[in-house]
Amino acid sequence: MNRGKPDPSLYAGDLFGEFYEAEHAEPDIKLSIRALLPGLTVCLIVGFAALWLAQQYGFPAILGGLLLGLALHFLSEHPALGEGLDFASRHFLRIGIVLLGLQVSLGQIVQIGLPAFAGLLVIMGAAFGAGLLGARFAGQGRYAGILAGGATAICGASAALALYGVVGRDRLDQARFTLTLVGVALASGLALTLYPPITAALDLTDNQAGYLIGSSIHDVAQAIGGGYAVSDQAGSQATVIKLARVALLAPIVALVAVWLGQTGPAGEPARATPHRLWRRISVPWFIIAFLALVVLGSFVSVPPALSERGLEVSKFLLLLAVTATAMRSKLSVLLDAGWRPLVPVFTATIASFAMALLITLTVIQ
């Protein structure tokens with residue numbers, strides 16, 4: 001029987017390092033700055049390159065980080081880079097999601113009014129349900145549908161990363177997760193290009209245009225930018241609507257955690273042991289921290305400069321997390337996965353826009 005360590009390449013792209021570290025890491029070995037620095041340095045260089053290309057050519061930075069990371073996968077095979085890349089993919093993700101909490105307050109949700117908020121919940125439900133149906137149609141399983149539908153309904157790649165922390169690699173393989181991120185970035189970029197002209201063609205009011213864009217574009221920055229591409233009033237409306245969706249990240253991830261806690265990795269009912277009962281109600285710490293910042297920002301005035309800087313840092317950390325994840329993902333595995341993992345994202349996107357348009361025309365003045 002071979003008792004040696006397994007080939008680390010089998011765990012390449014494990015976003016949370018759950019399997020290799022939990023089962024095989026030696027407890028007396030601690031990560032050091034020297035061990036992390038090479039991988040972090042490479043991740044920073046690729047991240048800055050993605051930002052520069054995004055600014056030069058006008059596409060989402062997240063998409064640039066994904067594509068560059070996949071193209072540079074061969075670098076992650078160097079043993080000196082693995083620990084730094086794994087650190088970036090896990091910890092930068094969590095910190096970035098926490099910092100998103102600085103952008104939202106409960107007052108912003110109250111501000112949009114009950115009918116508009118109820119409509120927003122319907123839109124998000126339609127996106128989530130369409131993601132599950134699309135995954136079932138494409139033979140991808142409900143976990144892929146949860147990831148795609150949640151990412152589309154809430155806030156794009158950030159939500160996908162948070163939900164994957166709950167779903168886990170034992171339920172959804174890394175290739176389909178990475179392809180979901182690619183699909184979300186592509187769908188959001190396409191929405192940013194198409195939705196503002198559609199609002200003009202339909203002769204929507206500024207409030208209606210802002211609501212439609214804020215409730216249906218995935219990425220935070222692109223939803224806000226799409227609103228301001230119509231008018232300042234539409235941009236303000238889109239910002240409030242989009243941030244209301246972001247505020248729902250914590251409760252939705254918590255609900256998914258409780259739901260999935262009732263089943264094992266293969267979907268079988270979990271035994272009601274005390275440990276599993278606790279896991280059913282447990283929520284990742286970074287989601288709790290995100291919610292804590294939302295509550296804090298609802299009662300304490302956050303300086304606009306701090307909020308803006310927090311958003312910039314959050315976006316950059318999430319970009320680095322996505323880049324590191326892509327670098328640890330084998331392109332050959334993604335190509336073998338084919339087009340089917342993209343189906344849930346685009347069915348959720350279409351359903352989200354269709355329902356958002358219906359709610360906009362019937363509820364929003």
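Predicted model: local features only at pLDDT ≥ 70, side-chain atom pairs only at ≥ 80, totals over all residues.

The buried residues of H11 are Gln208, Ala209, Gly210, Tyr211, Leu212, Ile213, Gly214, Ser215 and Ser216.

The setting for this helix is a protein with 19 helices and zero strands, in which 52% of the 365 residues count as buried. Among the contacts between residues at least 6 apart in sequence, 80% join residues at least 24 apart. The accessible surface of the protein comes to about 16700 Å², and carbon and sulfur atoms account for 66% of that surface.

Aspartate 203 belongs to the loop between H10 and H11, and with a relative accessible area of 68% aspartate 203 is exposed. Most residues other than glycine have a negative phi. Aspartate 203, although not a glycine, has a positive phi of about 55°.

Two packed helices are described by the angle between their axes and the distance between the axes.

| Helix pair | Crossing angle | Axis separation |
|---|---|---|
| H5 (residues 82–99) and H16 (residues 285–299) | roughly 20° | within 8 Å |
| H8 (residues 142–153) and H19 | about 40° | 9 Å |
| H9 (residues 157–167) and H14 | about 25° | 9 Å |

At an angle of about 40°, H8 is oblique to H19, and the crossing of these two helices is right-handed. On the H8 side the contact involves Ala144, Ala148, Gly149 and Thr152, which meet Pro344, Val345, Ala348, Thr349 and Ser352 of H19. By class, the residues of this contact divide into five nonpolar, four polar and no charged.

Glycine 149, in helix H8, counts as buried because its relative accessibility is 0%, under the 20% cut-off. Leaving out residues up to four places away in sequence, glycine 149 touches Ala127, Phe128, Gly131 and Ala348. Glycine 149 and threonine 349 are 200 residues apart in sequence, yet their C-alpha atoms are 8.3 Å apart in space. Serine 352, in helix H19, is buried with a relative accessible area of 1%. With residues up to four places away in sequence set aside, serine 352 touches Ile123, Ala127, Thr152, Ser215 and Ser216; of these, Ser215 and Ser216 are among the buried residues of H11.

H9 and H14, whose axes pack at an angle of about 25°, are therefore roughly parallel to each other, and H9 passes H14 in a right-handed crossing. Ala159, Ala162, Leu163, Val166 and Val167 of H9 meet Leu249, Val253, Val256, Ala257 and Leu260 of H14. This contact has 10 nonpolar, no polar and no charged residues.

The axes of H5 and H16 cross at roughly 20°, and the two helices are therefore roughly parallel to each other, with a right-handed crossing. The contact is made by Arg94, Ile97, Val98 and Leu99 of H5 together with Trp285, Phe286, Ile287, Ala289, Phe290 and Leu293 of H16. Its residues divide into nine nonpolar, no polar and one charged.

Which residues does leucine 249 contact beyond its neighbours within four places in sequence? They are Ile97, Ile154, Ala159, Ala162, Ile287 and Phe290. Among them, Ala159 and Ala162 take part in the contact of H9 with H14, whereas Ile97, Ile287 and Phe290 take part in the contact of H5 with H16. Leucine 249 itself is in helix H14 (residues 249–260) and counts as buried at 0% relative accessibility. The C-alpha atom of leucine 249 is separated by 9.6 Å from that of alanine 151, a residue 98 places away along the chain.

Key: Residues numbered from 1 in each chain as written. Heavy atoms only, no water. Helix = DSSP H or I, 4+ residues; strand = E, 2+ residues; numbered from the N terminus. Buried < 20%, exposed > 50% of the residue type's maximum accessible area, 1.4 Å probe, protein only. Contact = heavy atoms within 4.5 Å. Axes fitted to C-alpha atoms, helices over the stretch in contact; angles between N-to-C directions. Parallel < 35°, antiparallel > 145°, perpendicular 65-115°, else oblique. Left-handed = near helix turned anticlockwise from the far one by under 90°. Nonpolar A, V, L, I, M, F, W, Y, C, P; charged D, E, K, R; others polar. Areas by Shrake-Rupley, 256 points an atom, 1.4 Å probe, with all protein chains shown as cover.
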